[in-house]
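Please look over the sequence and the structure shown here before reading on. The report that comes after them is written for a reader who is new to such models.

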Amino acid sequence: TGVPRCGASLHELNKVLSIELNANANCVWQIQRNANQTIRLIFSHFKFAPSSSCETESIKVYDGSSTNSPFLGQLCNNTDAVPVLQSSTNSLTFLITTNSMAFTRNFFVFYYFFSPETKTENCGGQLTGPNGTLTSPNYPAAYPEFMYCVWHIQTAENTKINLQFQDFFLELDQNCQFDFTAVYDGLTTNTGLIGKVCGRAQPAFESSSNAMTVALSTDYANSYRGFSAQYISVPLPGPVEPDTFLTCSSDSMKIVLSKSYLASLGYNETHLQLNDPSCRPVITESVIFSFPLASCGTTKKDEGHSITYTNIVSLSATGNIITRQKSIEIIAKCRMENNSTLEVIYVTKNNIIQNTTAVGRYKVSMSFYDSDSFSKPVHQSPYYVDLNQTLFAQVSLHSTDPNLLVFVDSCIASPQPDFGALTYDLIRSGCNKDDTVVTYPPLEHYGRFKFNAFRFLRSFASVYLQCDILICDSKTTNSRCTEGCISRQKRALSSYTWKTNTVVGPIRLKRDLRSADHPESFTKADAKETLNLQQYSFYTLAFVALISNIIIVVTVILKYHKHQAGYSYQKIQSS
């Protein structure tokens with residue numbers, strides 16, 4: 001320590017640097033010494049600004065006396081290792097840059113010059129048996145200073161490795177900055193860090209495959225007896241089918257994960273989080289995430305004729321010394337398509353994708369209201385109305401996504417609930433086909449229109465309505481829901497997100513209600529009207545019959561006289 005706060009030129013044989021930097025730093029440290037030795041540089045502890053990226057904040061190391069020298073490596077906020085870098089000559093340079101975030105960054109770095117040809121007995125090696133032992137140099141005596149030993153363990157295919165330290169005694173400090181042992185999942189020290197330990201303990205580690213790497217690093221002082229460890233290979237369990245379920249509704253998403261499936265991946269319910277970590281699951285026999293579509297970090301993508309809602313369940317380990325698996329994500333997608341919802345859930349692990357699908361749909365309903373305020377729905381069924389009475393209809397989308405629009409594309413009426421041969425257009429392609437129809441502009445989750453009760457209700461007991469409904473993303477410009485009335489040809493080129501239909505009815509005349517419920521209440525006027533109609537029908541029929549008889553008699557007489565006249569004037573042919 002004691003070096004300038006931002007960068008320095010260093011020439012000591014070895015040195016410890018405790019570096020503290022704030023925002024917008026751009027600092028260069030150059031290490032160089034006139035000696036026929038190389039340099040080992042160890043970043044045993046580093047703390048970058050939270051959520052910083054490698055593009056904006058990093059440490060870059062160069063194999064030479066400047067930043068123009070060959071690039072050796074980089075570490076940043078997501079570095080999954082304890083970086084140890086080695087020069088090829090007697091000079092080395094590293095550059096630290098920070099972003100604009102107000103945050104105190106801390107880096108603990110030490111370096112030393114050494115001769116690569118100098119070998120230490122029992123310092124690292126290759127271990128390939130099904131089980132074995134490894135010890136630190138000089139164990140159980142004190143380990144040497146300035147040591148970096150790496151053991152690569154590789155067992156048979158379809159096995160994993162359990163490593164147990166029976167004896168472990170290294171220099172202790174809070175962040176294991178001086179002497180430490182690092183264990184990696186795989187055959188490299190560049191990534192896959194399972195854990196870093198120091199002090200006195202009996203740690204245990206487990207790999208996810210048949211490869212593991214153990215590294216021991218020591219500094220210049222306070223050496224202890226080191227460690228003794230054993231490893232064994234264990235058969236990997238057979239493949240476990242993903243036990244996951246996804247349910248999508250009009251307003252929510254539900255992800256169910258079995259505990260046994262999580263255990264097969266090496267995790268439990270404490271390791272799970274959605275895009276928004278504050279959304280926590282309910283733990284029963286399974287782990288259940290249930291949340292509204294537009295919450296918990298769910299992303300939405302408009303894909304023309306569908307909308308896709310996506311959320312990700314991330315599996316991450318907690319604690320300092322535990323088994324760490326490869327990165328795993330469970331990706332849940334609800335795709336709202338024509339007349340259905342396609343539900344997709346898949347698990348990504350080591351670039352392997354496993355899929356599960358199911359089907360659901362948006363929830364849409366239609367109701368009549370008593371006025372154009374659309375505040376009081378009509379609950380009675382059948383809905384009894386007067387002839388030519390104005391009826392107010394509203395289609396409702398039941399969804400928690402606030403950025404959706406509802407549009408009534410077409411609406412037909414029929415006296416039959418199955419909408420058979422006889423139908424009548426009210427609305428077609430957003431255009432009003434009946435003179436009494438008035439449509440209201442789209443309003444969020446509601447499509448509204450009004451019309452007058454039909455005259456053909458005198459001939460049929462009931463009328464049913466069936467409407468085709470389009471659902472659009474309100475953030476999409478020029479969507480079908482905002483175009484209004486268009487021709488059929490143009491309609492084929494127009495886009496919408498989702499289509500369904502809904503039915504409401506029956507509608508009946510109040511006269512039918514009165515006759516059905518109170519047959520004894522017919523008035524004298526009603527009876528007189530009925531009698532007059534009957535008498536009128538009788539007189540009309542008698543008059544028609546009389547006229548028909550007269551026409552027949554006249555026709556016969558005329559034909560007879562014509563026939564007689566013809567014979568009277570016929571010339572007799574001469575012989």
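The text below takes up disulfides, then nonpolar cores, and then aromatic rings.

This is a predicted model, in which local features need pLDDT of at least 70 and side-chain atom pairs count only at pLDDT 80 or more, while totals for chains, interfaces and linings use all residues. Residues are numbered from 1 along each chain as its sequence is written, and side-chain values use heavy atoms, with hydrogens and water left out.

## Disulfides

A disulfide is a covalent bond between the sulfur atoms of two cysteines. Here a disulfide is taken to be a pair of cysteine sulfur atoms within 2.5 Å, and by this rule the count comes to eight disulfides. Three of them are set out in the table, with the distance between the sulfur atoms and the torsion about the S-S bond.

| Disulfide | S to S distance | Torsion about S-S |
|---|---|---|
| C176 and C198 | 2.2 Å | about -80°, left-handed |
| C248 and C334 | 1.8 Å | -75°, left-handed |
| C431 and C485 | 1.7 Å | about 85°, right-handed |

The link of C248 and C334 is left-handed, with -75° about the S-S bond, and the pair links distant parts of the chain, since C248 is in strand β19 (residues 244–248) and C334 in strand β26 (residues 328–337), 86 residues apart. Strands here are DSSP runs of E with at least two residues, and helices are runs of H or I with at least four residues, numbered from the N terminus. The torsion of C431 and C485 is about 85°, so this disulfide is right-handed; C431 is in strand β34 (residues 431–432), whereas C485 is in the loop between β37 (463–473) and α2 (488–493), 54 residues apart.

Are these cysteines buried or exposed, where buried means under 20% relative accessible area, exposed over 50%, and partly exposed in between (1.4 Å probe, protein chains only)? Both C176 and C198 are buried. C248 is buried at 5%, and C334 is buried at 0%. C431 counts as buried at 12% relative accessibility, whereas C485, at 49%, counts as partly exposed.

## Nonpolar cores

In soluble globular proteins, nonpolar side chains tend to be buried together. A nonpolar core is defined as a set of buried Ala, Val, Leu, Ile, Met, Phe, Trp, Tyr and Cys residues joined through side-chain atoms within 4.5 Å. The largest such core has 52 residues, of which M253, I255, V313, L315, F449 and F451 touch the most other members. This core draws at least three residues from each of domain 3 (244–360) and domain 4 (363–487 + 496–509), with domain bounds that come from an automatic or database domain assignment. Apart from this core lies another, of 25 residues, among them C27, I31, I59 and V61.

## Aromatic rings

Rings of Phe, Tyr and Trp (its six-membered ring) pair if their centres lie within 6.5 Å, and planes under 30 degrees apart count as stacked, over 60 as edge-to-face and the rest as tilted. A search of the whole structure finds 22 aromatic pairs. One of them is the edge-to-face pair of F48 and F107, with 5.2 Å centre to centre and 70° between the planes. F48 lies in the loop between β4 (38–47) and β5 (58–62) and F107 in strand β9 (residues 105–114), so the pair ties together parts that are 59 residues apart in sequence. F48 counts as buried at 4% relative accessibility, and F107 is buried at 2%.
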